[in-house]
Amino acid sequence: MEINRNIDRKIFRGYDIRAVYGQDLNEDIAYTIGLGFGSYIQEKGYTKCLVGHDNRTSSEPLSDALIEGITSTGVDVVFLGLCTTPMYYYGQKFLGIDPGVMITASHNPAEYNGLKVSRENALPVGLDTGLGQIKEWVENGRECVPAAVRGQVHQMDIKADYLAFLLKYKEDWSNLKIAMDVSNG
């Protein structure tokens, strides 16, 4: 991975980072953002973060690059792998990990992807609550330098815990009508 200093400013939105994969968002950009994010959360006093991704074909390579950038700063990553955004937010609370990144472009067409950065209580990080600072660090190269000691990656499967959490809110499923939206699936 290489640090990319030519990231288009417009990919940093109000509450996420979003762009067309292969054009304005690629692995080098995700790596560079990972360096900025890792530096940012270290300044806030954190030593680990949570990362998950959706099922878009570009999500796995982007998560690999993002994690490479984050761990290069010395921050540990708890990696959920493939998960839904609500499962990722549950993971933040369940595991007690405040900062994190969910790789998803939500409702956008399949050629898009993005990063939803979140903080304590699974609240989004917006341009005015940290994303702007990460953007500045990435643009200026401030503190986006790999550390001497790499962070570790710990894979975690919380699907069973998440399902148990959901099931406790509905005891009788016999009259339930279920609709499924496979979105980009």
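What follows are my notes, topic by topic, on a predicted model.

**Entry 1: the core**

I started with the inside. Which residues have the most contacts inside the largest nonpolar core? I found Ile 33, Val 51 and Leu 66, in a core of 33 residues. Then I listed the elements that give two or more residues to this core: strands 1 (17-20), 2 (48-53), 3 (76-82), 4 (100-103) and 5 (112-118), along with helices 1 (27-43), 2 (59-72) and 4 (127-140). Helix 1 gives the most, with eight residues. I jotted down a general point beside this: in soluble globular proteins, nonpolar side chains tend to be buried together.

Another core lies apart from the largest one. This other core has 11 residues, and Val 78, Leu 80, Cys 83 and Met 102 are among them.

Next I went to strand 3. Is strand 3 mostly covered or mostly open? I noted it as mostly covered, since five of its seven residues are buried.

I looked up its pairing on both counts I had. With strand 2, strand 3 pairs in the parallel sense, over six bridges. Lys 48 is the residue standing opposite Asp 76 of strand 3. I followed the chain from strand 2 through helix 2 to strand 3 and got a β-α-β crossover that is right-handed. Strand 3 is also joined to strand 6 (residues 153-155) by three bridges, and these two run parallel. There, Val 77 has Val 153 of strand 6 as its bridge partner.

**Entry 2: strand 1**

I turned to strand 1 and checked which way its side chains point. Ile 17 and Ala 19 go one way, Arg 18 and Val 20 the other, and all are buried. Strand 1 pairs with strand 5 in the antiparallel sense, over four bridges. Opposite Ile 17 I found Leu 115 of strand 5.

I also looked at Asn 6, which has its place in the segment before strand 1. At 72% relative accessibility, Asn 6 counts as exposed, because the cut-off for that is over 50%.

**Entry 3: aromatic pairs**

How many aromatic pairs does the structure hold? I have six in my notes. One of them is Tyr 40 with Trp 137, edge-to-face, at 6.2 Å centre to centre and with 65° between the planes. Tyr 40 lies in helix 1 and Trp 137 in helix 4, so this pair ties together parts that are 97 residues apart in sequence. I checked burial too: both Tyr 40 and Trp 137 are buried.

I then took Tyr 90 and Phe 165, a tilted pair at 4.8 Å centre to centre with 35° between the planes. Tyr 90 is in helix 3 (residues 85-95) and Phe 165 in helix 5 (residues 159-167), so parts 75 residues apart in sequence are tied together here. Tyr 90 counts as buried at 13% relative accessibility, whereas Phe 165, at 27%, counts as partly exposed.

**Entry 4: helix 3**

Tyr 90 sent me on to the rest of helix 3. I marked Thr 85, Met 87, Tyr 88, Tyr 90, Gly 91 and Gln 92 as buried there. What covers the buried residues of helix 3 includes strands 2, 3, 4 and 5, plus helix 5.

I looked at both ends. At the start of the helix, a side-chain oxygen of Thr 84 reaches to within 3.1 Å of the backbone nitrogen of Met 87. Just after the helix, Gly 96 takes a positive phi of about 70°.

**Entry 5: Asp 54**

Last, I went to Asp 54, in the loop between strand 2 and helix 2. Is Asp 54 buried or exposed? I put Asp 54 down as buried, at 10% relative accessibility. Its side chain makes a polar contact with the side chain of Thr 104, at 2.8 Å. Not counting residues up to four places away in sequence, I found Asp 54 touching Ser 59, Leu 82, Cys 83, Met 102, Ile 103, Thr 104 and Ala 105.

Key
Residues are numbered from 1 along each chain as its sequence is written. This is a predicted model: local features need pLDDT of at least 70, side-chain atom pairs count only at pLDDT 80 or more; totals for chains, interfaces and linings use all residues. Side-chain values use heavy atoms; hydrogens and water are left out. A nonpolar core is a set of buried Ala, Val, Leu, Ile, Met, Phe, Trp, Tyr and Cys residues joined through side-chain atoms within 4.5 Å. Buried means under 20% relative accessible area, exposed over 50%, partly exposed in between (1.4 Å probe, protein chains only). Two strands pair if DSSP finds at least two bridges between them. A crossover is right-handed if, with the strands pointing away from the viewer, the path from the first strand over the helix to the second runs clockwise. Rings of Phe, Tyr and Trp (its six-membered ring) pair if their centres lie within 6.5 Å; planes under 30 degrees apart count as stacked, over 60 as edge-to-face and the rest as tilted. A polar contact is a pair of N or O atoms within 3.5 Å; within protein, one must be able to donate a hydrogen and the other to accept it, and residues adjacent in sequence count only if both atoms are side-chain atoms. Contact means heavy atoms within 4.5 Å.
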